[in-house]
Amino acid sequence: MVPAAQLGFNLQPLLEQLSQDELNEFKSLLRPLSLQDELQHIPPTEVEEADGKQLAEILTNRCPSHWVEMVTIQAFDKMNRTDLSEKAKDELRGITRTPEPKCANLEETQQCSGEEEPGKQDEYRSILEEEVWQSRKKNFWPEASENIHMVTQRYETLVPSCNAKMLAGPFAQTVVLHGAAGVGKTTLAKKCMLDWTQAGPARARPAALYLSCKALSRRGPCTLAELQADSAPGPRRALPRLLARALLLVVDAFEELRVPAAALARDAGGDWGARRPAPVLLGGLLKRKLLPAATLLVTTRPEALGELRLVVEVEGLSEPERRAYLRRQPGGEAQARRAWQLMGSHAALLRLGSAPAVCWTLGACLRLPADEGDDPGRTCRTATSLLLRALCLLAAEGAWAQTSLFEPRDLRRLGVREADLRPFVDRSLPQESGECAGCYRFLHLSPQHLLAAALCVLGGGEGGPGWGARGVRTLLSKEEGRRKPHLAHVGCFLFGLADEDRVRELGAAFGCPVSTELKHELLACTVRSPENGPFSSATDTRETLCRLYESQDEPLVKEAVAQVTEVSLHLKDPTDLAHASFCLKHCERLQKLRLRVEKGVFLDDDTASGSEAQAAGSQNDEHVLPFWMDLCSVFDSNKDLVFLDISQTFLSTSSVKILCEKLSSATHNLQKVALKNVSPADAYRDFCVVFGGHETLTHLTLQGNDQDDMLPILCEILRHPKCNLQCLRLVSCSASAQQWAHLSSSLEINQSLTCLNLTANELTDESARLLCKTLRHPKCFLQRLSLENCHLTEACCKELSSALIVNQSLTHLCLAKNALGNGGVKLLCEGLSYPDCQLQMLVLWYCSTGSNGCHHLSTLLQQNSSLTHLDLGLNHIGMTGLKFLCEALKKPMCNLKCLWLWGCAITPFSCEILASALGNNRSLISLDLGQNSLGYSGVKMLCNTLKLQNSSLRTLRLRIDESDPQIQKLLKEVQESDPQLTIESDKQDPNNNRPSSHDFIF
C-alpha cells in the first residue's frame, strides 16, 4: 500500500467540499471504477459510514496511490464536479512536473539549458525511423513489409499513450507489453516511439528514448544524463532537448536485466549529476523517483512480469497472417497448404508460429521432410524433433552461454571465431546485433533453448548447473525454476531428447557420442524426488505434463505417473489437453482429480454460428476430441477415484457427451463430485442423469447453473431408494417456486441427506416457507443448513423460528448476507430459546444487525442456550451492542465457545468492557476481532487482562500493526505468559473465505 504522503493531491479538503448526498454518490462510484478490486480488503460498512476526512484516510493509507488519483478524478467528472476535478488535476500537474536537473559540470549545464539546434529534431526522427525499419526487418518475415502496419496497428489501440479514448489527464502512465519471444514487442515499442514524436509543432514535439536492458546489464556507473544520451537513437549530438517536452521512455527486454532485485530497490535520489549503477537508475525510473512525468513503455516476456501493472499482451501473428506468410514461401500453393495443415494439427507448432521469425523457420523445416521423402506428420510430432532438423543452421557454442546477446569477449571465452559463425550468420541464425559492434543474437529463443538442452546429452561445456546428464537435477529443480523461469523451456527440450530416435539424430548431427544416462536422471529429478512434487499444484502439473509429452516415450511416462494419486489440471489451450491425455491415460492409482478448462479449448456452442464458424468448429473437434477421449479414459483405469472437481470450465456439447458416457460406463467409486461454473449450462442436467442411483456418491456440489431443467432430475436422485447422498451444495441455481416446492418434498422423502447448502439462491417468502415446513417434518434429518445470500426477509425469520422450536437435528444454521435486521434476530431468538432446539452454530454475518439484535442474543445466551458458535461479523454493533454481548459472557450459564466480531466497528473505548468480560468468562476459546481499529490502547487493555487472568481463550485474531514495536512487545509478553494462546494477525479476505467458514464445514 502507498502512504498518503505519496498521493499527488490533498484528498481530504476535496472530499470535505462535498455535501452528504454527493459524498454518498462518490462512495457508490468507487467500486464500479475499481479495475482490480482495490477495495476488496476494506469492509463495505467502513466505507459507507465514513465521513469525508475518514474516507480520505482510508483511501490514501490503504489503497494504491495511482488508483486513488485516477478514480477520484473520474468520480468527480461523473458527478459533474469539474471544479474539484480540475483542482486535483492542477495539483497533480504540479507534482508531476519534471524538476530541473542538477548538472554535474559546465558541459552538462550547457547541454541542459542550450537551445536545440535547427534541424536536430528532424535528424533525431530520421535516425529513429531507420531503427524502427531495422527492427522490422529483423523481426518480421522476408518480403512482407506491407503487413507490418497491420500487425502493429492491432495492438496500438491497447496502449494508453497511443489511444485517444483512454482516460485523459496528468497521469504518468507505465504500460507493459508482454508476450513470448519474437512476437514483435520491440517492433511495436519502437513504432510507438515514432508515433509519439510526430505529435505537436517541431520545436515542442514530444521526445522518446530507448533503453535496452541487454545493454544496461553491461553498463557501468553513470549519471542519468549519460544514460539518457546512451538511450537516444544515433549519435549523442542528435539528442533533443527533453525537459520542456512530453517524454516517452521505452525499457526494452526487461527479462534480460541480469542484476539482483535489490539493485532496483535501492534509492536513486533526485540528483541527475550523481553517478550510480545503471540498474539503480532504472529502478528510480520505474518507481517514479526520476522523471516522474515521463510515460514508461516496458517490454518483457511473461516470466518477468512480477509487479509490473497495466499489462497489454502481444500475441504476434494471427492465424490468417501465418497462413498468408506460408503462401509467400517457395514451393507453391500445394506445399503451403500442406505445411499449414500440419502446423494447424499440432497446437504446439501453431503457437510457436505466432513469432514471425519462427513461422519462417517452421515453414522451411516442415517442407524439409517432404522434400526428402519422409512423412512430416511422423517426424515432426513435437517442437523438439522439428528444431533438431535445423541444428545444422545454428551455432551450438553460442547457446551454451545462456544469453541471447553475445559480445566479442563472450565468443573469445568460448573459443568461437567470427569466421566460424559466418555460415550461420549468412542464414540469419544467429544474426548480427545492431545494439553493439561485433555482437550476435539468436533469431529466436527456441533454438537456443534446444541447444542448451542438447549439451546435457552431449556431456560438455562450462558454466550453468554442470552441463551434462548429472546436471539435470539442478537444472530442473524448483529452486532454479523460481530464479530462472526460462529454464522451463530447456526442461521440455531435455525430455524431448530422452527419446532414442532424437538421441540418434543428435549424435549424427554433431558427430559425437551421446550420454545414455539422461532418462534415468529425468525420472529421478521429476518423479522420484519428493521435494520436487511434480503434481503438487496445477502449475507444477502443467509443466510436468508438458515435459513428459515432449519425450513421446510411453514407458518413461508410465513409470513417471505410476504412483500419482492426485492431479490438478488447468487446461489453457488444446496443447495442454494433448499433453494431459498423452500422460494421464497411463494413470492407474488416481484418487482425486481437479479439472479446469479455459474457454477456447473446445468450440463454444453459443458462438458457433455461420458456415465459416461451423467449419472451424468441425476442424477443432477433429483434432481436440480424440485427446479428450483419451483423457476421459482415466475413469476406466482408476478404480480408486473418489473425488472429482470440475470448476470454471468451458466445454462443448460433444465433449460433455463423451465425459458423461465415460462416467456412466466406467466402474468407479466416486464419492465426492463438484461442478462449479461449468458451461454449457445444460451440462448440469446431463451430469445429474449420470449420477442418479450411484450408491457411492455422498457429496455433490452444483454451482453456477442458470438452467431450470436440472432441479427436477436432482429431485429424482434424492428420491431414489439407493441414494446415499449426505451433503448437497446447490449454489446460484435458477429455479421456479414450483421447483423449489418439489425439492422441499424430496427432502422429506430422502433419508440420507444431513447437509444442505443453498447459498446465493433467490428464495421467495413462499419458497422459504416450504423449506421451513420440511424442517418441521419428523423425518427431516438435516444437521447443517446454509441459506447465505438467499434474499431472506424478517418475515422468513418467523417461519425459521417455528421450525427451530420442533427440529431436534439441526445444529448449524448460516443466514449470512440476508437483511434480517434486529426484528429478524428477535424472532430467531424466540425459537432458539426453546429447550428442544439443538442449534450450536448461528452465522449472522452482514445481516444488518445492530445493538438491539445484540440485546436479544445476549438474553438468549444467558439462558443456558445450546448455542456455542456465533458469527456477527460485518454488523455495526458498536459499543452498545458489544456491551450487551459482554454481559452474557460474564454469566456462568453462557456456553459460547467461539465468537466472531470481524469488522463490527469496535473501537479502543470498547476494549475495557471486553477485557472485563474476558476476565470473568470460562467458556470462550476463540475470539475474532479482525478489521476493528483497536489501536495501541485497546490492544494493551486486552493483553493486560489475558496476562493476569487465567483465561480459557486459545485463539485471538486481531488487526495488528506489525510495524508498531509497542504492540509487538505486548503480544510477545502475552504469549510468553500463556504459551497455549495463539494470537493471529487478520490478513484474510472475507470475500473469499468468511472467518467462520472453517467451523461451518460442508
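The following conversation discusses aromatic pairs, a helix contact and two buried residues in a predicted model.

Trainee: How many aromatic pairs does a search of the whole structure find?
Mentor: The search finds four aromatic pairs. One of them joins phenylalanine 26 and phenylalanine 76, with ring centres 5.5 Å apart and planes at 40 degrees, so the pair is tilted.

Trainee: Where do phenylalanine 26 and phenylalanine 76 lie?
Mentor: Phenylalanine 26 belongs to helix α2 (residues 20-30), and phenylalanine 76 belongs to helix α5 (residues 65-78). The pair therefore ties together parts that are 50 residues apart in sequence.

Trainee: Is phenylalanine 26 buried or exposed?
Mentor: Phenylalanine 26 is buried, at a relative accessible area of 0%. Phenylalanine 76 also counts as buried, with 0% relative accessibility.

Trainee: What about the rings of phenylalanine 602 and tryptophan 628?
Mentor: Their centres are 5.1 Å apart and their planes stand at 80 degrees, so this pair is edge-to-face. Phenylalanine 602 sits in the loop between β10 (592-597) and α33 (611-632), while tryptophan 628 is in helix α33 itself; the pair thus ties together parts 26 residues apart in sequence. Both phenylalanine 602 and tryptophan 628 are buried.

Trainee: Changing topic, how do the axes of helix α41 and helix α42 cross?
Mentor: The axes of α41 (residues 821-832) and α42 (residues 851-861) cross at roughly 10 degrees and come within 8 Å.

Trainee: Which residues make the contact?
Mentor: From α41 come Asn822, Val825, Lys826, Cys829 and Leu832, and from α42 come Asn852, Gly853, His856, Leu857 and Leu860. These residues divide into five nonpolar, four polar and one charged.

Trainee: Next, where is aspartate 553 found?
Mentor: Aspartate 553 is in the loop between α30 (538-551) and α31 (554-561).

Trainee: Does aspartate 553 count as buried or exposed, and what does it touch?
Mentor: Aspartate 553 counts as buried, at 9% relative accessibility. Leaving aside residues up to four places away in sequence, aspartate 553 touches Ala498, Lys519 and Phe582.

Trainee: Finally, what is the place of serine 744, and what does it touch?
Mentor: Serine 744 is in helix α38 (residues 737-749). Serine 744 is buried, with a relative accessible area of 6%. Not counting residues up to four places away in sequence, serine 744 touches Leu770, Leu771 and Thr774.

Definitions and conventions. Residues are numbered from 1 along each chain as its sequence is written. This is a predicted model: local features need pLDDT of at least 70, side-chain atom pairs count only at pLDDT 80 or more; totals for chains, interfaces and linings use all residues. Side-chain values use heavy atoms; hydrogens and water are left out. Axes are lines fitted to C-alpha atoms, for helices over the stretch in contact, and angles run from 0 to 180 degrees between N-to-C directions. Helices (H or I, at least four residues) and strands (E, at least two) are DSSP runs, numbered from the N terminus. Contact means heavy atoms within 4.5 Å. Ala, Val, Leu, Ile, Met, Phe, Trp, Tyr, Cys and Pro count as nonpolar, Asp, Glu, Lys and Arg as charged, and the others, Gly among them, as polar. Buried means under 20% relative accessible area, exposed over 50%, partly exposed in between (1.4 Å probe, protein chains only). Rings of Phe, Tyr and Trp (its six-membered ring) pair if their centres lie within 6.5 Å; planes under 30 degrees apart count as stacked, over 60 as edge-to-face and the rest as tilted.
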